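The sequence and structure come first.

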Amino acid sequence: MESRGLESRGLEPGDREFLSLERELTVLLRRARANQGEMAREVHPDLESAAYGLLVRLEELGRQRATELAAYIGVGKATMSRQLRALEELGLIAREPDPADGRAWLVDLTPEGRTRVTRVREARRGRYVSQLSHWDRLEVAELARLLHQLNLGMEK
């Protein structure tokens, strides 16, 4: 009966796995957006949710060009400029001219920004450890590996 329902929607019986994947990713992404907003507010009460990813990227890789950040996040120059200006006003980042190209800007976390982002990320990792304490560490590693593989596949 269920397979007829799938076929009537143009789906093959083997597509159930992909329907399950879509359902679970939808739940995960909805929760991730909500968590990102919470983490952004923990970094600074006035921080936009979307800007949190920029701060994490800077914490992980250090100083970068604004154009590299825009490409990574997938936004245009104007949007990136607006977000960077807001982060600068909050005292979380500093910009300086790129010595290799005077037209470009290098962006980095301020000491205050680094302290705040690090504190929030450590708290988040602690929540993961607590929430997944009943998982075997190998299962956690496998989940991370599969998510990485999924992310790489989505880039193509």
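Aspartate 98 stands opposite aspartate 101 in β3. A hairpin of two residues joins β2 to β3, and the two strands run antiparallel, joined by six bridges. The model is predicted, so to speak of a local feature requires pLDDT of at least 70, side-chain atom pairs count only at pLDDT 80 or more, and totals for chains, interfaces and linings use all residues. Residues are numbered from 1 along each chain as its sequence is written, and side-chain values use heavy atoms, with hydrogens and water left out.

Some terms apply throughout. Helices (H or I, at least four residues) and strands (E, at least two) are DSSP runs, numbered from the N terminus. Two strands count as paired if DSSP finds at least two bridges between them. Strands of a sheet pair through backbone hydrogen bonds, either parallel or antiparallel.

The sheet is open and has three strands in the order β1-β3-β2, with antiparallel pairing. Its edge strands are β1 (64-65) and β2 (93-98), each of which pairs on one side only. Between β1 and β3 (residues 101-109) there are two bridges, again in the antiparallel sense. Here glutamine 64 stands opposite valine 107 of β3, and arginine 65 has leucine 106 of β3 as its bridge partner.

Alanine 104 is a residue of strand β3. Its relative accessible area is 12%, so alanine 104 is buried; the term means under 20% relative accessible area, while exposed means over 50% and partly exposed lies in between (1.4 Å probe, protein chains only). Leaving aside residues up to four places away in sequence, alanine 104 touches Arg65, Glu96, Pro97 and Asp98, where contact means heavy atoms within 4.5 Å. Asparagine 151 is 47 residues from alanine 104 in sequence, and the two C-alpha atoms are 29 Å apart in space.

Next come the helices. Two packed helices are described by the angle between their axes and the distance between the axes. Axes are lines fitted to C-alpha atoms, for helices over the stretch in contact, and angles run from 0 to 180 degrees between N-to-C directions.

The axes of α3 and α6 come within 10 Å and cross at roughly 100°. The two helices are therefore roughly perpendicular to each other; that label covers 65 to 115 degrees, with angles under 35 counted as roughly parallel, over 145 as roughly antiparallel and the rest as oblique. On the α3 side the contact is made by Tyr52, Leu55, Val56, Leu58, Glu59 and Glu60, and on the α6 side by Arg114, Val117, Thr118, Val120, Arg121 and Arg124. By class, this contact has six nonpolar, one polar and five charged residues. In that scheme Ala, Val, Leu, Ile, Met, Phe, Trp, Tyr, Cys and Pro count as nonpolar, Asp, Glu, Lys and Arg as charged, and the others, Gly among them, as polar.

Helix α3 also packs against α2, at an angle of about 70° and with the axes 9 Å apart. This pair, α2 and α3, is therefore roughly perpendicular too. Gln36, Met39, Ala40 and Val43 of α2 meet Tyr52, Gly53 and Leu55 of α3. The contact of α2 with α3 has five nonpolar, two polar and no charged residues.

Histidine 44 lies in the loop between α2 (16-43) and α3. Is histidine 44 buried or exposed? Histidine 44 counts as buried, because its relative accessibility is 14%. Beyond residues up to four places away in sequence, histidine 44 touches Leu90, Leu92 and Arg116.

Glycine 113 lies in helix α6 and counts as buried, at 0% relative accessibility. With residues up to four places away in sequence not counted, glycine 113 touches Gly91 and Leu92.

Histidine 134 sits in the loop between α6 (111-131) and α7 (137-155). At 64% relative accessibility, histidine 134 counts as exposed. Its side chain makes a polar contact of 3.3 Å with the side chain of tryptophan 135. A polar contact is a pair of N or O atoms within 3.5 Å; within protein, one must be able to donate a hydrogen and the other to accept it, and residues adjacent in sequence count only if both atoms are side-chain atoms. Glycine 113 and histidine 134 are 21 residues apart in sequence and 33 Å apart in space, C-alpha to C-alpha.
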